[in-house]
Amino acid sequence: AMSPIHTSLEDILDIKWIAVDLLKIKKQYNELLESLRNIPSKVRQYDIFTHVHETIKSYSSNHPLLTELKTEALKERHWKDILKRLNLTVKYKDLTLNNLFSAGIIKKKKDVKEFLLVAQGEMALEEFLKQVKDHWQGCQLEL
């Protein structure tokens, strides 16, 4: 009874971060939780049920963190720092959800949010500099 649910969860976790569709994953988490509600009570008493249920609930409740991490502000250079902080040696292009969760991204949420704030600040500065450049390129100066 638990095998298809566990397999579905593993399939979600094996998705590469660069290909993650967070709305689809949120829907899949909800479907898995619904499937768990339909598990017979005699199966619910086993530790595997509790473990899978708590794992899916944790991933689902921390979905907003993943949403924040999908921002355009986080460039590959920021991800290198995040991966270093998470003690991950995987390359960004090979990063999976499982890598993030296994490395404790939920427990290190505060650290990760610091990188996010830096990236958002840099993005705001880049946008401002672009506007300044565009403005001055359109001006003709007479000497």
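**Helix packing and aromatic pairs around the core**

Tyr59 has a relative accessible area of 12% and is therefore buried (buried means under 20% relative accessible area, exposed over 50% and partly exposed in between, with a 1.4 Å probe and protein chains only). The model is predicted: local features need pLDDT of at least 70, side-chain atom pairs count only at pLDDT 80 or more, and totals for chains, interfaces and linings use all residues. Residues are numbered from 1 along each chain as its sequence is written, and side-chain values use heavy atoms, leaving out hydrogens and water.

Trp17 counts as buried, at 1% relative accessibility, and Trp79 is buried with a relative accessible area of 1%. Tyr29 and Tyr59 also form a tilted pair, with 6.4 Å centre to centre and 45 degrees between the planes. Because Tyr29 lies in helix α2 and Tyr59 in helix α4, this pair ties together parts 30 residues apart in sequence.

Tyr29 belongs to the buried side of α2, together with Leu22, Ile25, Leu32, Leu33 and Leu36. Down the axis of α2 these buried residues fall within an arc of 100 degrees, so they line one face of the helix (the arc is that of the directions from the helix axis to the C-beta atoms). The face turned away from them carries the exposed residues Leu23, Lys24, Lys27 and Arg37. Elements covering the buried residues of α2 include α1, α3, α4, α5 and α7 (contact means heavy atoms within 4.5 Å).

In the largest nonpolar core, which has 40 residues, Trp17, Leu36, Ile56, Trp79 and Leu97 touch the most other members (a set of buried Ala, Val, Leu, Ile, Met, Phe, Trp, Tyr and Cys residues joined through side-chain atoms within 4.5 Å). Helix α2 gives the most to this core, with six residues. Beyond four places in sequence, Leu36 touches Met2, Ile5, Arg44, Phe49, Val52, His53 and Ile56.

How values were computed: Helices (H or I, at least four residues) and strands (E, at least two) are DSSP runs, numbered from the N terminus. Rings of Phe, Tyr and Trp (its six-membered ring) pair if their centres lie within 6.5 Å; planes under 30 degrees apart count as stacked, over 60 as edge-to-face and the rest as tilted.
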